[in-house]
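Please keep the sequence and the model at hand while reading.

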Amino acid sequence: MSPSPLAALFSREIRVARRLGGGGTMGVIFFLILVTIVPFAIGPDLNLLSRIGPAILWIAALLATLLGLDRLFQADHEDGSLDLMLTSDTPLELVVLVKCLAHWVVTGLPLVIAAPLFGLMLALDPQALWTVTLSLLAGTPALALLGAIGAALTVTLRRGGLLMAILILPLAIPVLIFGVSAASASTSATTPFWPPFLILCALTLATLAAAPFAVAAALRHMSE
Amino acid sequence: MTESLFSFPTFRLEAQGLAFARGGRTLVEDLSFELTNGNALVVTGANGAGKSTLLRGLAGFLSAHAGTALLMDEAGAHETIASQAHYVGHQEGSKPALTARENLAFWQAMLALPGLKSDLTPDAALALLGVPQVADLPVAYLSAGQKRRVGLARLLLAPRPVWILDEPLTALDAAGQALLTELMKDHLAQGGTLIAATHAPLGIESLHLELGGTP
């Protein structure tokens, strides 16, 4: 009759994100604007663009991921939901994981879907479009999970957004390095695709395993 | 009110030598009490006496400085109070963008305890709280009192033996306060227990705990 707690939580998160608007669409538009601005800054050199295109897409995705992350737990903290979730039978770690998953579906997945389209604007060749999209698909969940750690640590701060960015951007560097090197495999003769891609997948899996515990610990501490 | 045949299993809620601190200041010290099925404890005290701190501590949001608070069943097995309690604080935990029904369906799924499922639907619970008309409205459009009633409806949707109520009468009109009194009486009659911090009389038979408010 009644759905499982985690399914109910997932559908609540998706509903809230859709009602409030913002989330996914804003992220994609922000992504689009960043990708559009770069060619203006570096000039109309198509070769240069297609060489650094994967890096531009990755940095744009990284920044777009930060949007809305500060509200991931803050909204629940302000309206009292977080307290109530602490009294639930469901472990907070799982609650966190489901919230991150919903957040990624709303904000990360649209970026992955839009990436090949925006790649065209950066004169990427078809091969590179694929590698960029695949690397973003594998890497953006790690960005969302790392971001959740920052969001949890700044949950009680009114203007925690900037501090959150400062906390998590350094943590995102390994993801960025392997993401970009996998993505640019087809444009450079020296880097192969699979080794960096598999390391990227490993990074995502490791964050998937560790981040929920870190986030839950931070939230428990912050609720005091 | 709600004619319910169901009753909670026998338990004992025991607090021993509890102490809670807030911001380095000990607000509650060496507090012991014992409650069992059908008992209520009303906590009073001046502003800043530590009522909310005590309730948040019992709900498991603050770790105790000293002492323990546990729920024991007949067999002597014990659990934390938090896992068996409803906490009603100053916020309702409702998402403004979702309708009252969606909010309640979520909390029903999230807070239900195994073996203590309620047959009520969110709509029925809203009707019991006297606000059946708000089911389809986003909570953002509701008045403070209506929000409060929507928040309280979750107590009926996911039965839990312990209610921890921090100023439960806030924002409720006279009819709403009378309704809450009835709900609390029903809960106690079902063998539940409740701990409430309040300034106004709740209209239920209860034990009384006065927290000394040293500024």
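## Interface between the chains

Two residues are taken to be in contact if their C-beta atoms, placed from the backbone, lie within 7 Å. The model is predicted, and local features need pLDDT of at least 70, side-chain atom pairs count only at pLDDT 80 or more, and totals for chains, interfaces and linings use all residues. Residues are numbered from 1 along each chain as its sequence is written, while chains are lettered from A and ligands numbered from 1 in the order in which they are written.

By this criterion, 26 residues of chain B are in contact with 24 residues of chain A. Helices (H or I, at least four residues) and strands (E, at least two) are DSSP runs, numbered from the N terminus. On the side of chain B that touches chain A, β6 (85–88) and α2 (100–111) of chain B each supply at least two residues. The greatest contribution to that side comes from α2(B), with eight residues. Its residues comprise 16 nonpolar, seven polar and three charged; Ala, Val, Leu, Ile, Met, Phe, Trp, Tyr, Cys and Pro count as nonpolar, Asp, Glu, Lys and Arg as charged, and the others, Gly among them, as polar.

## Helix α2 of chain B

A residue is buried if 20 or more other C-beta atoms lie within 10 Å of its own, exposed if 12 or fewer, and partly exposed in between, with C-beta atoms placed from the backbone. In α2(B), 11 of the 12 residues are buried, so the helix is largely enclosed by the rest of the structure. Among them are B:Trp107, B:Phe106 and B:Glu102. The buried residues of α2(B) pack against elements of both chains: α1 (5–20) and α5 (81–86) of chain A, and α3 (122–128) and α4 (144–157) of chain B.

The expected span of a helix is 1.5 Å times one less than its number of residues. For the 12 residues of α2(B) this gives 16 Å, and the end C-alpha atoms are 16 Å apart, which agrees.

## The sheet of chain B

Chain B contains an open sheet of five strands in the order β6-β7-β8-β3-β9, with parallel pairing; two strands pair if DSSP finds at least two bridges between them. Its edge strands, β6 and β9 (207–210), each pair on one side only. Strand β3 (residues 40–44) of chain B runs parallel to β9(B) and is joined to it by four bridges. Within this pair, B:Leu41 has B:Leu207 as its bridge partner.

## Fold of chain A

Chain A has 10 helices and zero strands. Its C-alpha atoms fill a box of roughly 55 × 40 × 30 Å, taken along the principal axes. Buried residues account for 48% of its 224 residues. Of the contacts in chain A between residues at least 6 apart in sequence, 81% join residues at least 24 apart.

One such chain A residue, A:Leu205, lies in helix α10 (residues 194–222). A:Leu205 and A:Ala138 are 67 residues apart in sequence, yet 9.5 Å apart in space, C-alpha to C-alpha.

## Residues with positive phi

A:Ala123 has a positive phi near 60 degrees although this residue is not a glycine. A:Ala123 is placed in the loop between α6 (92–121) and α7 (126–153) of chain A, and is partly exposed, with 17 other C-beta atoms within 10 Å.

In chain B, B:Asp30 is likewise not a glycine and has a positive phi of about 45 degrees. B:Asp30 belongs to strand β2 (residues 25–36) of chain B and counts as exposed, with 11 C-beta neighbours inside 10 Å.
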